[in-house]
Amino acid sequence: MARFAFDNTYVRELPGFYAPWQPAIAPAPQLLYLNDALDAELGLGAAALPPDEAAAVFSGNALPAGAEPIAQAYAGHQFGGFSPQLGDGRALLLGEVIDARGQRRDIAFKGSGRTPFSRGGDGKAAVGPMLREVLIGEAMHALGIPTTRALAVVATGELVRREGAFPGAVLTRVAASHLRVGTFQYFAARGDTERLALLADYAIARHDPALAGTAGRHLAFLASVAHRQATLMAQWMNVGFIHGVMNTDNMTISGETIDYGPCAFIEAYDPATVFSSIDHGGRYAYGNQPPIARWNLARLAETMLPLMAAPDDEAAAARAVAQVTEVIDAFPAWYAAALLRGRRAKLGLQSIADDAADTALAEDWLALLQQHAVDFTLAWRRLCDAAAGDANPLRALFAEPSAVNPWLARWQARCAQEDGPDGPAAAAPRAARMRAVNPWLIPRNHRVEEALAAASEHGDLAPLRQLLAALRRPFDEDVSFSRYAEPAPAALTAGYQTFCGT
Ligand code: AMP
Ligand code: MG
């Protein structure tokens, strides 16, 4: 029997925050994916298990010793409307382990059957969307963006009903924690200040231990979560990631990206881009993500208020509102600073010169890409070639190649100003720096679909494995992976829709 070194603080310290529950039995489990590197990082030893035993463990049929499966309670604003009770409707937290770096990590199932929080749902997940979470999550990780990660995917051997019947799967997900904005909303909505206080102290101990026990910890905790989200949003925006369903139950306290549903990467640059089939109003469009993060943080701020002032102390309550408002109002500046840091790196700039001028330089570049419908990822990557001395690959991305010249001249002048007399000697190191932050490979929508269709429809996992191998090295321009770097045909992108997979 597999044994993981579980140490389950959530179960132990937060009774009343979850329902103990068991996964459904999978009729014919088959291991489709195991993340060996992550397994090693967690010290689980799962990679050493015979495949049928691993399939039994990661389907939920034979839980590892020490697992205490629970369905966590949470609420959430979905597309702006509040649901006081969501919770793990198809997920279970098995427990926590300490990884090789001493960090506590959750190990959880997704698609493991109905729970007390399932409402109308079947509690199940399909192979395609779970392998999609593998691909996008591992790509994000390789891009250096904080994210939950997929440890394993097992096909259950049963069919799940969606728009048709699809093979079912259980995903094993690893997270710094599964605490969400919605977890706080659940207890705040019930007026359960006692549990809210416990939750806050638990979250602080886990994610902001320096604040533990301090007098102003709730405000400082809010600010800390907001800082993490500001950094995360800047990273998403600088790599062209669109989450697709930024409900408050899908926003973590840890600052990791979570819940890969209808997410996709932008191709031709346009901030209004929406791929999700359910996002009719474009609430979660690419360009709306930073303001939505702020909106979600305002919902978290509201849950902190009862912790910052006694119920009958009006003066303290007014002070608390003013204090959390200050944090929420500071968010755009924190985001802008993180964004500019990332943009300077992408532009190959090291000197902190005029913020407004560098922001304008980046904005004008993006406006140019939008105006000429140029692929976001390739444009940045070809700008690295321009830094190395050859601007023609960049020009070739534009239908009218000379269109980029005036902007290029401006950027080159900014680089020259930074380099001073070292001009020629600075070119190669700048190009190398830029190539380390401007990916050549992102998960292209058509390649993701191709790999998932092969796996889901024909049981052929080879395309997925090849794509995954490529996505693990996003900054290396390896010609053997060229087909993964090509943008999708424009017609495909125009009609491309992603689904939640629920
Ligand atoms: P999402 O926004 O997709 O992360 O999910 C929103 C809520 O719906 C969460 O409470 C999920 O647990 C729940 N949910 C999603 N899919 C299912 C399903 N197939 N069965 C039961 N609950 C589900
Ligand atoms: Mg969710």
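Mentor: Let's go through the rings, then the charges over rings, then the cysteines. Keep in mind that this is a predicted model.

Trainee: How many aromatic pairs does a search of the whole structure find?

Mentor: In general, the distance of the centres and the angle of the planes describe a pair of aromatic rings. Here the search of the whole structure gives 19 aromatic pairs. One of them joins Tyr10 and Tyr202 edge-to-face, at 5.5 Å centre to centre and with 90 degrees between the planes. Tyr10 belongs to helix α1 (residues 9–13) and Tyr202 to helix α6 (residues 193–207), so this pair ties together parts 192 residues apart in sequence.

Trainee: Are Tyr10 and Tyr202 buried or exposed?

Mentor: Both Tyr10 and Tyr202 are buried. Trp236 and Phe241 also make an edge-to-face pair, with 5.1 Å centre to centre and 70 degrees between the planes; both of these residues are buried too.

Trainee: Which residues form one aromatic cluster?

Mentor: That cluster consists of Tyr269, Tyr286, Trp365, Phe376, Trp380, Trp407 and Trp411.

Trainee: Where does the charged end of Arg180 sit?

Mentor: Look over the ring of Tyr74: the charged end of Arg180 is 4.2 Å from the ring's centre. Likewise, Arg299 has its charged end over the ring of Trp295, 4.4 Å from the centre.

Trainee: And how many disulfides are there?

Mentor: A disulfide needs two cysteine sulfur atoms within 2.5 Å. The count here is zero. For Cys384, the nearest cysteine sulfur is that of Cys415, 11 Å away. Cys384 is buried at 0% relative accessibility, and Cys415 is buried with a relative accessible area of 5%.

Notes: Residues numbered from 1 in each chain as written. Chains lettered and ligands numbered in written order. Predicted model: local features only at pLDDT ≥ 70, side-chain atom pairs only at ≥ 80, totals over all residues. Heavy atoms only, no water. Phe/Tyr/Trp six-rings, centres within 6.5 Å; stacked < 30°, edge-to-face > 60°. Helix = DSSP H or I, 4+ residues; strand = E, 2+ residues; numbered from the N terminus. Buried < 20%, exposed > 50% of the residue type's maximum accessible area, 1.4 Å probe, protein only. Lys NZ or Arg CZ within 6 Å of the ring centre and 35° of its normal.
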